[in-house]
Structure formats: structure tokens, C-alpha cells
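Hi there,

Here is the model we talked about, with the sequence alongside. Have a look at it first, and then read on for what turned up.

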Amino acid sequence: MGDSDSSAIVEAFLKEFRGITEELSEDDFPAPVFNA
Amino acid sequence: MNIGEAGAQLRARRISAVELARESLAGIHAAQPRFNAFITITDELALEQARRADDELARGLDRGPLHGIPYALKDVFATRGIPTTCGSKIFASRVTDHDSDAYEKLTAAGAVLMGKTGLHEFAYGITSNNPHFGAIRNPHDPERIPGGSSGGSGVAVAAGLVYFAMGTDTGGSIRVPASYCGCVGLKPTYGRVSRAGVFPLGFTLDHVGPLTRTVRDAALVMQAIAGTQYATRPVAGCRIGVPRNFFAERLSPAVEGAFRAAMAQAECLGAHLVPVDVPDPAAIGAVGRLILLSEASALLKRYLDRREEFGRDVLALLEQGLLVSATDYIDAQRLRRVYQSRWAELWNQIDFVFTPTTAIEAPLIGQEKVAFGSADEDVRLASTRFVRPFNVLGLPAISIPWQTAGLPVGIQIAGMPGCDEELLAFGEGAFSPQSD
């Protein structure tokens with residue numbers, strides 16, 4: 001798979017992913033992984 | 001024979017550890033041309049460890065349930081003096097100067113190592129169709145994949161070559177081969193089993209766990225590697241969440257039938273089935289994929305000047321990971337916390353959640369798509385969409401085989417963080433007739 005294929009796949013996936021991130025607020029900070 | 005039964009035979013002197021090891025090694029060598037489950041077979045070490053186990057038992061030193069029991073390690077567990085290839089050409093001749101924690105603990109428990117099992121290259125994929133060591137084949141149909149990435153471990157257990165095998169699970173890599181091969185596979189709570197000396201893939205997603213013939217065997221291995229206690233739990237009265245969303249969508253007929261039958265069995269035993277809408281499963285899967293793309297590329301980018309030494313699929317994923325920005329990765333970790341808190345509320349309503357492990361039975365080697373009605377889905381997604389969320393959430397999840405007339409099907413049970421003992425106890429109570 002060439003670089004252009006990888007770019008297209010990642011761009012499509014990132015578009016989907018960034019749609020999800022819209023629900024984040026300033027109060028949501030990264031977890032230090034888990035608080036299990 | 002399971003671990004408990006083999007141990008009883010050993011202690012009654014009806015069989016020796018050396019005889020168990022010889023039987024296991026003979027099976028492994030005989031099966032290797034058909035299934036290709038192993039990368040390294042440690043004949044001499046196995047017999048040496050077995051002789052020691054026999055000597056100790058004769059002297060009255062009993063190291064517990066795994067004493068004298070043959071097993072295998074996925075070839076990402078460091079073993080001093082024995083190659084640890086990670087299924088890669090890059091590490092084809094890599095020999096570590098240290099042991100992994102899991103290997104140290106299993107050796108201290110008296111278990112006898114038969115060898116290192118094959119896997120998807122760098123554990124980064126679910127087919128175990130390895131370009132450097134050859135395709136690993138499903139024991140129920142050699143034209144089909146065993147699942148992965150711990151494919152060799154799944155085959156070694158399901159084909160009866162060893163009593164248990166260790167695997168790793170970053171996005172389903174223990175549970176998918178357990179489902180496709182027909183054995184038990186446990187992904188414990190994140191951090192419950194030490195990953196020291198295990199070659200990583202996704203730093204915040206990797207889990208270490210066993211593949212076994214029965215649920216009780218998984219509990220015995222967990223005692224040795226994580227210090228868990230064996231527990232029992234009545235199935236009657238347990239509240240089982242049955243997702244109405246996501247996990248009930250796009251199933252093969254055999255998987256759907258097995259899942260319904262498993263729920264009916266749990267209900268017959270007195271479990272309460274509670275329909276639930278689980279929070280954000282598809283988004284959690286997307287978050288997991290993004291985190292893995294980033295972490296795997298951060299780990300392996302130092303070898304990308306040797307592109308020709310990677311398989312095509314792994315190289316493509318590593319290239320894709322380099323294109324993910326730091327802000328996207330951080331947002332994925334932020335979302336992870338949001339989703340964890342939403343799932344924490346779910347455990348007020350239910351004790352465990354039931355899902356199919358995979359949406360399909362084992363695909364053919366080389367198969368790329370699977371059809372659901374008029375729509376096609378990538379085999380990799382159909383294999384991982386039900387398992388990956390539990391890596392992101394860090395929740396314990398076990399795949400237990402359900403007998404069908406055709407290929408094996410796995411039933412996945414997951415629970416709240418840290419409930420590994422309760423999960424095993426429930427799984428044994430609900431499904432021991434199936435898994436024993």
C-alpha cells in the first residue's frame with residue numbers, strides 16, 4: 001500500500017473520529033490511562 | 001483432560017511430568033506441518049523442566065496446580081536464551097537477556113514450557129497470516145484463519161497440544177483466536193497481569209492473559225500469574241446485561257443462534273437478563289483504533305527504514321499511524337475517560353454484560369470481506385468490533401466457546417474493573433458444561 005492510499009484511509013477515519021470529539025468540553029482532560 | 005485432571009494424575013503417580021511433556025512435544029511436532037502453531041519448540045528445555053518437576057514432587061515439593069503442566073508462550077514473551085521474534089523478520093534472531101514476569105511466575109509455579117507460539121507480525125493484526133513464518137491454520141478447518149494475533153496460542157490449546165498458552169490482547173488478540181479456535185480466552189482488567197518483558201504494541205491498550213481449555217483452567221493460570229484467588233459464584237440472581245444496540249447488529253446466523261442459546265442457558269440457571277443500551281460502543285471502537293495507530297507507530301517507527309522487512313498490512317498500518325496528530329491522540333485519550341465514566345454507571349444496573357465475541361465464525365485464509373445482507377464489511381472489523389471496546393475501557397472480558405454443529409463460536413462476558421475473579425466464577429458456573 002502506497003503513501004497516498006494510507007493518507008486517504010487516515011483522512012477518512014480522522015473525519016469520522018473528529019466528529020466524535022465535538023462532545024468534549026474543557027472539563028474533559030486526558031486520563032492518566034485508567035482509574036480502575 | 002484439563003489442568004486439574006492432569007495434576008491429579010501427576011500426584012497419584014499415574015503419569016509423570018516427563019511423560020506429559022513427551023506426549024505434548026510429540027503432538028506439537030506431529031501437528032506443526034498442518035497448523036504451524038509454533039515458531040520455536042523447546043524440546044530440551046521442556047524435558048529439563050519436566051524432570052525437575054518430577055524430582056520435586058518425589059521430594060514432596062508441590063508448587064501448586066500448574067506443577068508439571070505443559071504450556072506455551074506467545075512469541076512476544078521474553079525468555080532468556082530463547083528467540084523472541086514477535087513474529088517479525090526484524091526480530092528474527094532476537095534473543096533477550098531477561099525473562100518476562102509471566103514466564104518467571106509460571107516457572108516458579110512449576111509449569112513446563114513446550115515452546116513459543118506463532119502470531120500475526122508484531123501482534124498487529126487478527127489473521128495470523130504471517131508473511132515471515134507462514135500462515136497459522138485453524139484446527140477445525142486448515143483453510144481458515146485461527147484469529148489473532150495470538151493465533152498460535154489458540155491453536156495450541158484448541159488442538160490439545162498444550163494445557164494452556166499465554167497471549168496478549170490489544171484489540172481482541174486473545175479473545176478472537178479463542179472464539180475462532182474454540183477455547184477459553186481471558187483478557188483481564190488492564191494492569192492486572194504484569195506486562196514486564198512482553199514486547200508491547202499499544203502501550204495503553206495491551207493486556208496479558210491466558211488461553212485455556214476450560215474456565216477453571218483460566219482461573220488456575222491467573223492464580224499463578226496475577227495472584228488472584230479462586231472463587232465461586234452462583235449464577236442464579238446475577239444481572240446480565242444484554243445489549244440492544246451495536247452488539248446485536250450484523251451477526252452471522254451461527255453466531256446469532258449461539259448467542260441466543262447461551263442467553264437461554266444462563267436464564268435457565270437463574271440469571272436475570274436485563275436489556276440495556278450500552279454507551280457509545282462504536283465511538284469507543286474508533287477511539288481504540290486511533291490510539292492503537294498512534295502508539296504502534298510511535299513504538300515501531302525506528303524500524304521503518306527497513307520497510308521491505310515488514311509485511312504489507314503491518315507496514316500500511318504503521319504508515320497510517322504516522323499521519324495521526326498529537327491533538328487527535330490526546331482527544332482520543334480524553335474521550336476514553338468520558339466513556340469510562342459512562343460505563344461505570346452501567347454497573348449499577350447489571351453485574352456482567354453478554355455479547356458475541358466475534359460477529360462471524362473463522363474466515364478463510366486470505367478472505368478480506370464478509371457480507372451482511374447487501375453490505376460488505378472488512379474481515380478485520382467484523383472480527384474486532386465487539387472486543388476492542390473492552391481494551392479501551394480496560395474492563396475484564398472472557399470468551400467462552402459455545403458448541404455448534406459447525407465452526408466454533410465464542411460468547412464474551414465482560415464486567416466492571418477488577419472483577420476478574422467474579423467474572424471467572426460466573427463464567428464457570430454458567431458455561432462449564434460447554435467449556436469442560
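Let me start with a loop residue: B:Asn36 lies between α2 (17-35) and β1 of chain B. Helices here are DSSP runs of H or I with at least four residues, strands are runs of E with at least two, and both are numbered from the N terminus. B:Asn36 is not a glycine, yet its phi is positive, about 55°. It is also buried, with 22 other C-beta atoms within 10 Å. (Buried means 20 or more other C-beta atoms within 10 Å of the residue's own, exposed means 12 or fewer, and partly exposed is in between, with C-beta atoms placed from the backbone.)

Before going further, please keep in mind that this is a predicted model, in which local features need pLDDT of at least 70 and side-chain atom pairs count only at pLDDT 80 or more, while totals for chains, interfaces and linings use all residues. Residues are numbered from 1 along each chain as its sequence is written, and chains are lettered from A and ligands numbered from 1 in the order in which they are written.

Other backbone points in chain B

B:Arg250, in the loop between β9 and α8 of chain B, also has a positive phi without being a glycine, near 50°. This residue is partly exposed, with 18 other C-beta atoms within 10 Å. A cis peptide bond, with omega about 10°, joins B:Gly148 and B:Ser149; B:Ser149 sits in the loop between β5 (134-135) and α5 (151-158) of chain B. B:Pro417 belongs to the loop between β15 and α14 (420-435) of chain B and counts as buried, having 20 C-beta neighbours inside 10 Å.

The sheet and the hairpin

Chain B has an open sheet of 11 strands with mixed pairing, in the order β1-β3-β2-β6-β8-β7-β14-β15-β11-β9-β10. Two strands pair if DSSP finds at least two bridges between them. At the edges stand β1 (38-41) and β10 (272-276) of chain B; each has a single partner strand, so one side of each is left without a neighbour in the sheet. On average, neighbouring strands are turned by 25° against each other, direction ignored. (Axes are lines fitted to C-alpha atoms, for helices over the stretch in contact, and angles run from 0 to 180 degrees between N-to-C directions.)

Helix α8 (residues 253-268) of chain B packs on this sheet, touching β9 (239-243), β10, β11 (352-356), β14 and β15 (409-415) of chain B, and its direction makes about 50° with that of β15(B). Contact between two residues means C-beta atoms, placed from the backbone, within 7 Å. Within the sheet, β7 (residues 184-187) and β14 (residues 397-402) of chain B run antiparallel and are joined by three bridges, with B:Leu186 opposite B:Ile398.

Elsewhere, four bridges join the antiparallel strands β12 (residues 369-372) and β13 (residues 375-378) of chain B. Here B:Ala371 stands opposite B:Asp376. Their hairpin has two residues between the strands, and B:Gly373 takes a positive phi near 65° in it.

What sits in the largest nonpolar core? Of its 141 residues, B:Tyr71, B:Val112, B:Val162, B:Phe352 and B:Ile413 touch the most other members. Helix α9 (residues 281-300) of chain B gives the most to this core, with 10 residues. (A nonpolar core is a set of buried Ala, Val, Leu, Ile, Met, Phe, Trp, Tyr and Cys residues joined through C-beta atoms within 7 Å.) Leaving aside neighbours within four places in sequence, the contacts of B:Ile413 include B:Phe352, B:Phe354 and B:Leu423.

α9(B) and α10(B) pack at about 105°, with axes 8 Å apart. They are therefore roughly perpendicular to each other, a label for angles of 65 to 115 degrees (under 35 is roughly parallel, over 145 roughly antiparallel, and the rest oblique).

Where the chains meet

Chain A has one helix and zero strands, and buried residues make up 6% of its 36 residues. The contact between the chains takes 26 residues from chain B and 19 residues from chain A. On the chain B side, α11(B) gives the largest share, 10 residues.

Happy browsing!
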